[in-house]
Amino acid sequence: MIVGVPREIKDHESRVGITPAGVKALCEAGHTVLVETQAGEESGFPDETYQNAGAEIVGDAGYVWGKSGMVVKVKEPIEPEYAYFREGLVLFTYLHLAPLPELTDKLLEARMICIAYETVRDERGTLPLLTPMSEIAGRMSVQVGANYLERESGGRGILLGGVPGVPPAHVAILGGGIVGTNAARIALGLGAKTTLIDVNLNRLRELDDIFNGRLYTLASNSYNLEHVTRESDLIIGGVLIPGATAPKLVTRAMVAQMKKGAVIVDVAIDQGGCVETAHPTTFSAPSYVVDDVVHYCVTNMPGAVPHTSTLALTNATFPYVLRLAHHGPREALKRDPGLTEGLNTWQGTLTHRGVAQSQQRPWTAADGVLA
Ligand SMILES: NC(=O)c1ccc[n+]([C@@H]2O[C@H](COP(=O)([O-])OP(=O)(O)OC[C@H]3O[C@@H](n4cnc5c(N)ncnc54)[C@H](O)[C@@H]3O)[C@@H](O)[C@H]2O)c1
């Protein structure tokens with residue numbers, strides 16, 4: 001198969017769909033890889049690293065899309081890329097189609113085969129191509145919070161780990177899933193007093209075990225939340241109710257009670273945020289202050305570390321890329337029910353229930369089109 005890797009053109013997107021390691025593996029398996037010039041530059045992979053791995057570097061995005069049987073990207077295509085759509089072309093990328101009816105129309109009209117990273121499931125039913133980004137955002141959240149706690153950044157001038165004779169900062173983590181667990185690992189590693197709150201008591205039991213009692217765990221209720229927000233120097237929001245807007249666990253009144261110069265990093269902001277005073281921000285203006293509390297609510301935190309993010313993402317996506325190239329889309333999908341859950345469009349048919357329901361369109365289950 002000819003596999004194409006275009007340069008991402010969405011604003012502030014610095015990741016790339018395949019690394020030189022992936023190119024090498026594809027070439028060794030007998031495939032051809034076309035990489036648009038500079039596609040990996042911002043992730044720390046210059047053209048020559050792709051060339052040395054066996055890729056052909058191409059100056060023109062249209063050529064990459066036009067010659068490939070499968071295009072591997074990071075973000076959903078945007079308008080200038082619509083012209084490259086054509087029948088039977090496989091597109092493997094984050095798509096997030098539910099709120100994008102126009103893109104859905106274009107992909108269906110062009111009869112593309114689109115597999116969306118965010119809906120692929122593994123044998124345990126989890127979302128393996130979303131997990132790496134939550135791991136990164138969770139680990140980053142403490143690092144970012146520690147910076148904002150510095151006086152120069154508007155924080156209360158407190159060192160996360162304290163020093164001998166001076167107590168450490170108190171970090172409260174809301175949600176003990178992937179983001180929360182990774183945040184806890186870093187906060188404890190830096191020596192902070194760390195409390196994690198979740199509604200799922202079994203998850204709290206597991207975390208108590210994993211962190212050997214060093215993590216304070218608390219059941220999620222408004223009494224505990226009120227107490228913890230008053231005491232905390234840094235709050236990390238990492239709750240998720242799948243498919244729903246995040247619950248507002250920290251109310252405006254609780255924020256008003258927080259210490260002056262405390263910091264909130266609401267990672268769950270991409271689902272609306274779990275803090276009432278949080279609103280989405282970007283890297284150009286990542287933070288703002290409400291009631292003397294610094295808020296950081298960037299919706300795509302992994303974008304700050306594209307080298308790590310590209311490696312983490314492609315570690316998870318690449319085994320699927322190899323199988324799609326090797327078997328072709330129909331056979332690869334038939335062999336893997338979890339990958340089939342990622343199929344959003346198949347040659348003019350919408351195949352994802354969630355997208356269909358959000359856009360109130362007809363759909364056909366993937367099994368129906370693959371038979
Ligand atoms: N901002 C970013 O750049 C970025 C990056 C990655 C992930 N995220 C977002 O971070 C959020 C968390 O992701 P995740 O992968 O850790 O999800 P997850 O499903 O692994 O974990 C969510 C946790 O929240 C808990 N929870 C649900 N309701 C709760 C409540 N009322 N009180 C306390 N805990 C509650 C669940 O029990 C679960 O343990 C998601 O919204 C995700 O989209 C944002």
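This report describes the fold, the cysteines and several individual residues of a predicted model.

## Basis of the model

The model is predicted, with local features requiring pLDDT of at least 70 and side-chain atom pairs counting only at pLDDT 80 or more, whereas totals for chains, interfaces and linings use all residues. Residues are numbered from 1 along each chain as its sequence is written, and side-chain values use heavy atoms, with hydrogens and water left out.

## Overall architecture

The chain contains 15 helices and 15 strands, where helices (H or I, at least four residues) and strands (E, at least two) are DSSP runs numbered from the N terminus. Its radius of gyration is 22 Å, close to the 21 Å that the globule rule gives for 371 residues, so the chain is as compact as a globular protein of that length; the radius is taken over C-alpha atoms, and the rule is 2.2 Å times the number of residues to the power 0.38. Along the principal axes, the C-alpha trace spans about 65 × 45 × 35 Å.

Of the contacts (heavy atoms within 4.5 Å) between residues at least 6 apart in sequence, 62% join residues at least 24 apart.

## Burial, surface and charge

Buried residues account for 52% of the 371 residues in the chain, with buried meaning under 20% relative accessible area, exposed over 50%, and partly exposed in between (1.4 Å probe, protein chains only). The chain exposes about 16300 Å², and carbon and sulfur atoms supply 50% of that area; accessible areas come from the Shrake-Rupley method with a 1.4 Å probe, and for residues only the protein chains shown count as cover.

The chain carries 31 positive and 40 negative charges, whose mean positions are 4 Å apart. Lys and Arg count as positive and Asp and Glu as negative, while His and the chain ends are not counted; each charge is placed at NZ of Lys, CZ of Arg, CG of Asp or CD of Glu.

## Cysteines

The structure holds zero disulfides, a disulfide being a pair of cysteine sulfur atoms within 2.5 Å. For C274, the closest cysteine sulfur is that of C297, at 9.4 Å, which is too far for a bond. C274 counts as buried because its relative accessibility is 0%, and C114 likewise counts as buried at 0% relative accessibility.

V355 is placed in helix 14 (residues 353-359) and is buried, with a relative accessible area of 4%. When neighbours within four places in sequence are left aside, V355 is in contact with L97, A98, N344 and L350. V355 and T345 are ten residues apart in sequence, and their C-alpha atoms are 10.0 Å apart in space.

T195 lies in strand 8 (residues 193-198) and is buried, its relative accessible area being 5%. With neighbours within four places in sequence again left aside, the contacts of T195 are H170, V171, A172, I173, Y216, L218 and V228.

Most residues other than glycine have a negative phi.

With a relative accessible area of 41%, D291 is partly exposed.
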